[in-house]
Amino acid sequence: MLMPVAVTQQERIRAEVREVEAALRPDVVRIRYSMGEDWSGQWAIFFRVVLSDDAAKNRLRQVANNVVQRLGEHLDFDALGVFPYHNFRSESEQAASREEAWA
């Protein structure tokens with residue numbers, strides 16, 4: 001399978017993700033991502049979004065939709081050749097699990 005354009009656009013993707021992250025503070029604590037093949041063998045970008053406990057508890061749907069929308073506005077996933085996946089957890093969940101990929 002051919003590598004997607006996204007592989008060569010890492011710095012631009014990082015910059016755009018940081019911009020979205022900053023714009024959505026304090027609800028969004030951080031956004032991390034990785035790229036690889038999804039379950040179907042297609043290239044994908046996997047976002048791991050840590051939300052403040054308040055946002056996760058009281059406004060999850062609104063904040064999650066806002067994150068998805070903003071990332072889509074900043075990154076043209078079709079042009080990058082990847083399908084986006086978005087996963088969310090609260091600060092408390094991350095503190096309990098201590099998964100390095102989400103840190």
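I looked up Tyr85 and noted that, at 23% relative accessibility, Tyr85 counts as partly exposed, where buried means under 20% relative accessible area, exposed over 50%, and partly exposed in between (1.4 Å probe, protein chains only). The model is predicted, so I kept in mind that local features need pLDDT of at least 70 and side-chain atom pairs count only at pLDDT 80 or more, while totals for chains, interfaces and linings use all residues. Residues are numbered from 1 along each chain as its sequence is written, and side-chain values use heavy atoms, with hydrogens and water left out.

I then searched the whole structure for aromatic pairs and found four, taking rings of Phe, Tyr and Trp (its six-membered ring) as paired if their centres lie within 6.5 Å, with planes under 30 degrees apart as stacked, over 60 as edge-to-face and the rest as tilted. I noted Tyr33 as buried at 16% relative accessibility, and Phe47 as buried at 0%. Phe83 and Tyr85 make an edge-to-face pair, with 5.1 Å from centre to centre and 65 degrees between the planes; Phe83 is partly exposed at 48%.

I also looked up the cluster that ring pairs form, which links Tyr33, Phe47 and Phe77.

Last, I checked Trp102 and found Arg89 over the face of its ring, at 4.0 Å from the ring centre (a charge sits over a ring if NZ of Lys or CZ of Arg is within 6 Å of the ring centre and within 35 degrees of the ring normal).
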